[in-house]
Amino acid sequence: MTNQYVTGAMIKRLRESRHLTQAQLAEKINVTDKAISKWERGRGLPDISLVEGLAKALGVSVIELFSGENVINTNRAGNMLRVNFYVCPICGNLIQSSGEAVVSCCGITLPPLEAEEADESHSVKIEKVEDEYFVTVNHEMTKKHYISFIAAVRGDGVEIKKLYPEQNAEVRFKINGTKKIYYFCNRHGLFSLPAVFIREAKGV
């Protein structure tokens, strides 16, 4: 693999040259316009399974799509959460940092993922079972579209539970110290569970 991957600048340039809106491009490859926006702003990368369809939608070959400039992790000084997650779109490797970092995998620099709150397509159920939270994401778990991890953030660290296609998207976390829960869809990116959901499940 080369040290180049699809860049947000290349996606935006090709999209605009074909006079497509983010929503129109998103519809062509079955993702959300928010996902397109994140890619173009360098806040995520398209999964490798989407590259062929993305190239077709943009009217170029996969080789041409890969010929843009290197991905650069910029704008790190924004309003970021202390905990950052990075997912390699090629091998699926998950990396987590507790502060600013330059993270690379498969020869490319990965941008920190930008979380959004759960939507109807990625709804979450959280139940209190004795001293644990039982977290379930209402989501298909096929080989092409799945939740790849769920993470609980605590004051003293992060607990990550990896998930795989054809499993159920459900995990358990210790209640004590859990402040926030994140989960990652391989097509639509990173989501966070609003703190109020956790407080309600805890009975606060």
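I started with E6 and strand E7 (residues 132-137), which pair in the antiparallel sense over 6 bridges. I take two strands as paired if DSSP finds at least two bridges between them. Helices (H or I, at least four residues) and strands (E, at least two) are DSSP runs, numbered from the N terminus. One bridge I looked up by residue: Val129 has Glu132 in E7 as its partner.

Before going on, a note on what I'm working with: this is a predicted model, where local features need pLDDT of at least 70 and side-chain atom pairs count only at pLDDT 80 or more, while totals for chains, interfaces and linings use all residues. Residues are numbered from 1 along each chain as its sequence is written, and side-chain values use heavy atoms, with hydrogens and water left out.

Back to the sheet: I find 3 strands in the order E6-E7-E10, open and with antiparallel pairing. Strand E6 (124-129) and strand E10 (170-174) are the edges, each pairing on one side only. From one strand to the next, the twist averages 25°.

**E12 and its partners**

Next I went to strand E12 (residues 189-193), where 5 of 5 residues are buried. Buried means under 20% relative accessible area, exposed over 50%, partly exposed in between (1.4 Å probe, protein chains only). Strand E11 (residues 178-185) is joined to E12 by 5 bridges and runs antiparallel to it. I see Phe184 standing opposite Leu190 in E12, and a hairpin takes E11 to E12 through 3 residues. Strand E5 (residues 116-117) is joined to E12 by 2 bridges, and these two run parallel. Glu117 has Ser192 in E12 as its bridge partner.

**Phe149**

I then picked Phe149, which sits in strand E8 (residues 147-154). Phe149 counts as buried because its relative accessibility is 0%. Contact here means heavy atoms within 4.5 Å. Leaving out residues up to four places away in sequence, I get a contact list for Phe149 that includes Phe85, Val87, Leu94, Ile160, Leu163, Tyr182, Phe184 and Leu190. Leu94 is 55 residues from Phe149 in sequence, yet their C-alpha atoms are 8.6 Å apart.

I described each helix pair by angle and axis distance. Axes are lines fitted to C-alpha atoms, for helices over the stretch in contact, and angles run from 0 to 180 degrees between N-to-C directions. Angles under 35 degrees count as roughly parallel, over 145 as roughly antiparallel, 65 to 115 as roughly perpendicular and the rest as oblique.

Helix H2 (residues 22-29) packs on helix H4 (residues 51-58) at about 130°, with axes 9 Å apart, so I log H2 and H4 as oblique to each other. The contact uses Leu25, Lys28 and Ile29 of H2 with Gly53, Leu54, Ala57 and Leu58 of H4.

With helix H3 (residues 33-40), H2 makes an angle of about 110°, and the axes are 8 Å apart. H2 and H3 are therefore roughly perpendicular to each other. On the H2 side I list Gln22, Ala23, Leu25, Ala26 and Ile29, which meet Asp33, Ile36, Ser37, Trp39 and Glu40 in H3.

**Cysteines**

Last, I counted disulfides, each a pair of cysteine sulfur atoms within 2.5 Å, and got 0. Cys91 is in none; its nearest cysteine sulfur, from Cys105, is 3.6 Å away. Cys91 is partly exposed because its relative accessibility is 46%, whereas Cys185, at 0%, is buried.
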